[in-house]
Amino acid sequence: MNDASAPPTHCTNCGAPLADRYCGRCGQDSHVSLSFGHFTHELVEGLFHVDSKFWRTLRTLLTRPGLLTQQYLDGKRNSYSPPFRSYLVISIAYFIIASVFGAPGSRVMASSGQELTAADCAQMAAHPGWFRQFVPDLEASCERALSDNGRALTAAMENLLPKVMFVVLPLVALVQFWVYRRQRPLYLENLIFVLHFQSFYYVASALALLLAAGISAFAGAREAIDQALEFVVYAWSVVYLFIAERRVYRASTLKIVLGLLALAASYTIFYALGVSVASMYAFLRI
C-alpha cells in the first residue's frame, strides 16, 4: 500500500534524487502542494518578488537606522533585498495605501495658496502672463479642472507623483554626494542611502495612514489624527536620519547636522519643483 503522505524521493521537476527539501539540481521545493495558500504566495511573489529577504529588509529598515545601507556597502548583500527592488515594491504599496486611505485632496489651489474658483479662471485668462505660451485656452482648461471639484486633477497628480520621486531622489543623492564625498566618494553609495531612507519614510507614512484610518473609524476627528501622526512621522524621520548618517558616514556631529539641513533643503526644493512641473502637465492634460 502506497503512503500518499510520504515525502518524495525524487524531484518531480527534473527527476534527480532528493537529499533535502530542495532539489540539488534545479532548486525546486519538494514540499509544494496545490493549495489556495500556495497559489496566493506564488501570485504575490511573482508580482512583487516578496520573499524572506524582503521581510528581513523591511524589519531592519524600520528598526535599525542606516544598518541596511552600511551592510550593503560593506558587501553583506545576500541576506537582504536589493535597494532598487525593495524601493519599487515599497513605493508601489505606499501609493496604493495613500490612494485608498489618504485624506481627500480634491481642491485645486491657486498660486496664492487659496482654493481656485471659477472667478479665478476668468481672471487668469485676462492676465495669462507666461501661461499663454503653454496653455492657449487657459480659461477653458481651468474650468475643466474645476468641473468635478478637482477629482480628475487629483487623480492625474497621484499617477504622476511616483514618477516625480523617481526624478527627485537621484537629485537629492547628488546633494548628499556633494556633502559626504570624502566619507563616501561614490555617487551610487549616496543614492543607495537616499533610496533606503525614502523606503523607510514610505513604510512609516503607510503605517501612519493605516493607523489614522483605524482610529478615525471609531473616534472620528480624522484631520486632527492625520496631523498628529504626520508630526510623529516627521519627528521620527529626523531622529532616524541622524542615527543613519552617523552609522553610514561616520562624520562629526556638526557635519551630520549640516548634512541633515542640506538633505532637507534638497528634498524641499526638488520636490516642490517636481510637483510644480507635474501639476502643470496634469493641468494641461485634463
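Leucine 211 counts as partly exposed at 45% relative accessibility, on a scale where buried means under 20% relative accessible area, exposed means over 50% and partly exposed lies in between (1.4 Å probe, protein chains only). This is a predicted model, in which local features need pLDDT of at least 70 and side-chain atom pairs count only at pLDDT 80 or more, while totals for chains, interfaces and linings use all residues. Residues are numbered from 1 along each chain as its sequence is written, and side-chain values use heavy atoms, with hydrogens and water left out.

**Overall architecture**

- The protein has ten helices and zero strands, where helices (H or I, at least four residues) and strands (E, at least two) are DSSP runs numbered from the N terminus.
- Read along the sequence, the pattern is accordingly α-α-α-α-α-α-α-α-α-α.
- Of the 286 residues in the protein, 36% count as buried, and the protein exposes about 17,400 Å², of which carbon and sulfur atoms supply 63%; the areas come from the Shrake-Rupley method with a 1.4 Å probe, and for residues only the protein chains shown count as cover.
- When contacts (heavy atoms within 4.5 Å) are taken between residues at least 6 apart in sequence, 65% of them join residues at least 24 apart.

**The largest nonpolar core**

- The largest nonpolar core holds 54 residues, among which Ile90, Leu169, Tyr202 and Tyr267 touch the most other members; such a core is a set of buried Ala, Val, Leu, Ile, Met, Phe, Trp, Tyr and Cys residues joined through side-chain atoms within 4.5 Å.
- At least two residues of this core come from each of helix H2 (52–63), helix H3 (67–73), helix H4 (83–101), helix H7 (151–179), helix H8 (187–219), helix H9 (222–249) and helix H10 (253–285).
- Helix H8 supplies the largest share of this core, at 15 residues.
- Leaving aside residues up to four places away in sequence, tyrosine 267 touches Met165, Leu169, Val172, Val194, Phe197, Gln198 and Ala272.

**Helix packing**

- Two packed helices are described by the angle between their axes and the distance between the axes.
- The axes of H4 and H8 come within 9 Å and cross at roughly 25°; axes are lines fitted to C-alpha atoms, for helices over the stretch in contact, and angles run from 0 to 180 degrees between N-to-C directions.
- H4 and H8 are therefore roughly parallel to each other, given that angles under 35 degrees count as roughly parallel, over 145 as roughly antiparallel, 65 to 115 as roughly perpendicular and the rest as oblique.
- H4 passes H8 in a left-handed crossing, a term used if the near helix is turned anticlockwise from the far one by less than a right angle, with right-handed used if clockwise.
- The axes of H8 and H9 come within 9 Å and cross at roughly 155°, so H8 and H9 are roughly antiparallel to each other, and H8 passes H9 in a right-handed crossing.
- The axes of H2 and H4 come within 11 Å and cross at roughly 80°, so H2 and H4 are roughly perpendicular to each other.
- Where H2 and H4 meet, Phe54, Thr57, Leu58 and Leu61 in H2 contact Ser86, Val89 and Ile90 in H4, and Ile90 is also one of the residues that touch the most other members of the largest nonpolar core.

**Leucine 211 and aspartate 226**

- Leucine 211 is found in helix H8, and its C-alpha lies 8.5 Å from that of leucine 229, 18 residues apart in sequence.
- Aspartate 226 has its place in helix H9, where it is buried, with a relative accessible area of 17%.
- Aspartate 226 and leucine 211 are 15 residues apart in sequence, and their C-alpha atoms are 9.2 Å apart in space.

**Glutamate 245 and arginine 250**

- Glutamate 245, in helix H9, counts as buried at 0% relative accessibility.
- Apart from residues up to four places away in sequence, glutamate 245 touches Gln176, Tyr180, Phe193, Arg250, Ile256, Gly259, Leu260 and Leu263.
- Arginine 250 lies in the loop between H9 and H10 and is exposed, with a relative accessible area of 56%.
- The phi angle of arginine 250 is near 50°, a positive value in a residue other than glycine.
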